[in-house]
Amino acid sequence: MQQIWVSQRKPSVAGYSGILCNYSTSLLGCFTTKLSIQSSLYEKIMGVIHAIQGAGKKGWKNLWLECDSTLVVQVICNHGLVPWQLRNRWYNCI
């Protein structure tokens, strides 16, 4: 099982980043992306989408996502909360 930490948000900078580790916390990779100004929910969901897509490309089937947002957990449980701009990308992930 791979662990993926998703972190984002600096004042006045929009973007997201993540660290990918295996079960023994060995570093497997990382990513960071700068975005045009967006809402913080948009940024967090983009981080999750990026992490899931990257894991899919590597053939990883079991993921552990960690994020500091309760709202992201709610979005994962209720797909209707995904911002409309990201719905196609979100549904492609699932």
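Which backbone nitrogen does the side chain of Ser 69 reach at 3.2 Å? The answer is that of Val 72, and the legends below start from there. Please keep in mind that this is a predicted model.

**View 1. Ser 69 in the loop between strand 4 and helix 2.** Here we look at the loop that runs between strand 4 (63-66) and helix 2, where Ser 69 is found. The side chain of Ser 69 reaches two backbone nitrogens: that of Leu 71 at 3.3 Å and that of Val 72 at 3.2 Å. Ser 69 counts as buried because its relative accessibility is 10%, and buried means under 20%.

**View 2. Helix 1, residues 40-57.** The 18 residues of this helix should span 26 Å at 1.5 Å a residue, and the end C-alpha atoms are 26 Å apart, so the two values agree. Among the buried residues of helix 1 are Leu 41, Tyr 42, Ile 45, Ile 49, Ile 52 and Ala 55; Glu 43 and Lys 44 are on the buried list too. Following the helix comes Gly 59, with a positive phi near 80 degrees.

**View 3. The largest nonpolar core, with 21 residues.** Ile 45, Ile 49, Leu 86 and Trp 90 have the most contacts inside this core. At least two core residues come from each of strand 2 (13-21), strand 3 (27-35), helix 1, helix 2 (70-77) and helix 3 (87-93). Helix 1 gives the most, with nine residues. In general, nonpolar side chains in soluble globular proteins tend to be buried together.

**View 4. The surroundings of Ile 45.** Setting aside neighbours within four places in sequence, Ile 45 is in contact with Val 72, Val 75, Pro 83, Leu 86 and Trp 90.

**View 5. Leu 35 in strand 3.** With 18% relative accessibility, Leu 35 counts as buried. Leu 35 and Gly 15 are 20 residues apart in sequence, yet their C-alpha atoms are 4.8 Å apart in space. Beyond neighbours within four places in sequence, the contacts of Leu 35 are Ala 14, Gly 15, Tyr 16, Tyr 42 and Glu 43.

**View 6. Cys 21 and Cys 30.** A search of the whole structure finds zero disulfides. Cys 21 counts as buried at 5% relative accessibility, and Cys 93 counts as buried at 18%.

Conventions:
Residues are numbered from 1 along each chain as its sequence is written. This is a predicted model: local features need pLDDT of at least 70, side-chain atom pairs count only at pLDDT 80 or more; totals for chains, interfaces and linings use all residues. Side-chain values use heavy atoms; hydrogens and water are left out. Helices (H or I, at least four residues) and strands (E, at least two) are DSSP runs, numbered from the N terminus. The expected span of a helix is 1.5 Å times one less than its number of residues. Buried means under 20% relative accessible area, exposed over 50%, partly exposed in between (1.4 Å probe, protein chains only). A nonpolar core is a set of buried Ala, Val, Leu, Ile, Met, Phe, Trp, Tyr and Cys residues joined through side-chain atoms within 4.5 Å. Contact means heavy atoms within 4.5 Å. A disulfide is a pair of cysteine sulfur atoms within 2.5 Å. A polar contact is a pair of N or O atoms within 3.5 Å; within protein, one must be able to donate a hydrogen and the other to accept it, and residues adjacent in sequence count only if both atoms are side-chain atoms.
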